[in-house]
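This report looks at how side chains meet one another in the structure shown below.

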Amino acid sequence: MKNLFKTLMALMLLGVPVVMQAQLKRSDDFRDKYKLKEAVVLSRHNIRAPLSGNGSALGNLTPHEWTQWSSAPSELTLRGGALETMMGQFFRKWLVDAGLFPENYVPTADEVNVYANSMQRTIATARYFTSGFMPVGGLVVNHRFVPSKMDPVFNPQLTKVSPEFKAEAMKEIAAMGGKKGIIGINEELTPNYILIAEVLDLKDSPAGKSGTKAFDDYNTQIILERNKEPGMTGSLKDANSASDAFILQYYEEPDSVAAAFGKTLTREQWQEIAKIKDVYGDVLFTAPIVAVNVAHPLLQYMYDEIESPDRKFTFLVGHDSNIASVTAALGVLPYDLPNAIEKKTPIGSKLVVEKWVGPDGEEYGALNLVYQSVDQLKNMSLLDLDNPPMVVSLKLDGLQENADGLYKMADLEARFLQAIRAYDAIPDTL
């Protein structure tokens, strides 16, 4: 295991993503040794309509009409609801097979906790998931506010801000672009910017006729303010809104040519478009000091769920920024996701913390990212143990697994506490 860890660290230092395929359905030998005790899941909502539509700033980036969505802007689509139901059905099959619940189980209020951010797309995702997960279980979807309002637990806002914090955050963000810093981040995206401008026909759009014919403002400005999400100005922000809309349109629209406004794109080109959004999320939410700041309440909530003595299953529904910041705060090693165009936090993806009891009576843990492949999303494939979603094992910097690929649960819990306590060390100005 020491050699494995050294290899992972070497790959990380070289900038090579670490990918390890895993499976939720464990082998018979594994299940003879370990018993599943609990699972805590942090989910991104499923397919939604773009945050803004035709006639908005997004609409001004193209002369074409975006897809006629089955929902209002920012809300879960009908397709997203169906896909999430399928994911819920798979989790039911998995947990029944693992022995955590019998089929058609009706849990107590202490055994299962479903909690969503108070946005329509997150509440709806939770409801669709639970209808597939425990259709006769009578599960209640908990949310704190009338839709649509951000719950502080899920809101990736900065609650500590000072000159010292800003300086460290900017240093960490700039490091993502190498010697050229933030400009370097944008320069690496030059081919992606060119591609998305061509697919948009940006030069012929209302924005293009007003002078914005390319995404060429590389001097991205980062905005870090108390009680607000990290923000930015510049081409990365503008291109991100188009990248986000294209990704969603690609999932929602069965005809991939129509999704690209009449252009034929390869799967690799769709990945290039999606990379803009991946980088945007990394810049805003994964710098270590930013991640522990914005993820603090969610990390605390997840830790409390892991420690809850009666809890068997927790399902939390938030956003890509939640998964990105939580994984960064925990020190997850770089990874790349197969069979996905979004390489960090695909639509509907789920960060799964598993708690197992070993033959020695000790508790062990695993950390996986579960998501539907591009083909499963586009084909609306039914999921079961024979046709599972994608499962990628996430590795934690500085922790070693045993021969069965599990961490000591005490080490995993300590990592959560370390990330939670790192918040206390952030410089603040009141």
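Predicted model: local features only at pLDDT ≥ 70, side-chain atom pairs only at ≥ 80, totals over all residues.

## A network of charges

Arg44, Lys277, Asp320 and Glu342 are linked in a network of salt bridges.

## Salt bridges and their surroundings

One of the salt bridges joins Asp97 to Arg31 through their side chains, with a distance of 2.9 Å from N to O. Because Asp97 belongs to helix H3 while Arg31 belongs to helix H2 (residues 28-33), this pair ties together parts that are 66 residues apart in sequence. Asp97 counts as partly exposed, at 24% relative accessibility, and Arg31 also counts as partly exposed, at 29%.

Another salt bridge is formed by the side chains of Lys203 and Asp204, at 3.9 Å from N to O. Lys203 has a relative accessibility of 49% and counts as partly exposed, and Asp204, with 38%, is likewise counted as partly exposed.

## Lys344 and its partner Asp282

Asp282 and Lys344 form a salt bridge in which the closest N and O atoms are 2.7 Å apart. This pair links distant parts of the chain, since Asp282 lies in helix H11 (residues 267-285) and Lys344 in the loop between helix H14 (320-330) and strand S7 (350-357), the two being 62 residues apart. With a relative accessibility of 18%, Asp282 counts as buried, whereas Lys344, at 27%, counts as partly exposed.

The side chains of Lys344 and Asp282 also make a polar contact, given as 2.7 Å. When residues up to four places away in sequence are not counted, Lys344 touches Asp278, Asp282, Tyr335, Leu337 and Leu369. Lys344 and Ala324, which are 20 residues apart in sequence, have C-alpha atoms that are 7.4 Å apart in space.

## Aromatic pairs and an aromatic cluster

A pair of aromatic rings is described by the distance of the centres and the angle of the planes. Searching the whole structure gives 23 aromatic pairs. Among them is the pair of Tyr193 and Tyr218, which is tilted, with 5.9 Å from centre to centre and 45° between the planes. Tyr193 is part of helix H7 (residues 190-200) and Tyr218 is part of the loop between helix H8 (206-209) and strand S4 (221-223), so the pair ties together parts that are 25 residues apart in sequence. Tyr193 is buried, its relative accessible area being 2%.

Aromatic residues also gather into a cluster, which is formed by Phe90, Phe91, Trp94, Phe101, Tyr105, Phe129, Phe133, Phe313 and Phe315.

## Lysines over aromatic rings

## Glu111, a buried acidic residue

Glu111 is placed in the loop between helix H3 (78-97) and strand S2 (112-116). Is this residue, Glu111, buried or exposed? Its relative accessibility is 11%, and because buried means under 20%, Glu111 counts as buried.

The side chain of Glu111 is joined to that of Tyr105 by a polar contact of 2.8 Å, and Tyr105 is one of the members of the aromatic cluster described above. Leaving aside residues up to four places away in sequence, Glu111 touches Tyr105, Asp310, Arg311, Lys312 and Phe313; of these contacts, Phe313 too is listed in the aromatic cluster.

## The nonpolar cores

Which residues touch the most other members of the largest nonpolar core? They are Leu200 and Met302, in a core that holds 99 residues. Met302 touches Val40, Leu42, Leu316, Val326, Leu351, Val353 and Phe416, again without counting residues up to four places away in sequence. Apart from this core lies another, of 34 residues, and its members include Leu36, Phe90, Phe133 and Val370. Phe90 and Phe133 are also named in the aromatic cluster.

Definitions and conventions. Residues numbered from 1 in each chain as written. Heavy atoms only, no water. Phe/Tyr/Trp six-rings, centres within 6.5 Å; stacked < 30°, edge-to-face > 60°. Helix = DSSP H or I, 4+ residues; strand = E, 2+ residues; numbered from the N terminus. Buried < 20%, exposed > 50% of the residue type's maximum accessible area, 1.4 Å probe, protein only. Core = buried A, V, L, I, M, F, W, Y, C linked by side-chain atoms within 4.5 Å. Contact = heavy atoms within 4.5 Å. Polar contact = N/O pair within 3.5 Å; in protein donor to acceptor, adjacent residues only side chain to side chain. Salt bridge = Lys/Arg side-chain N within 4 Å of Asp/Glu carboxyl O.
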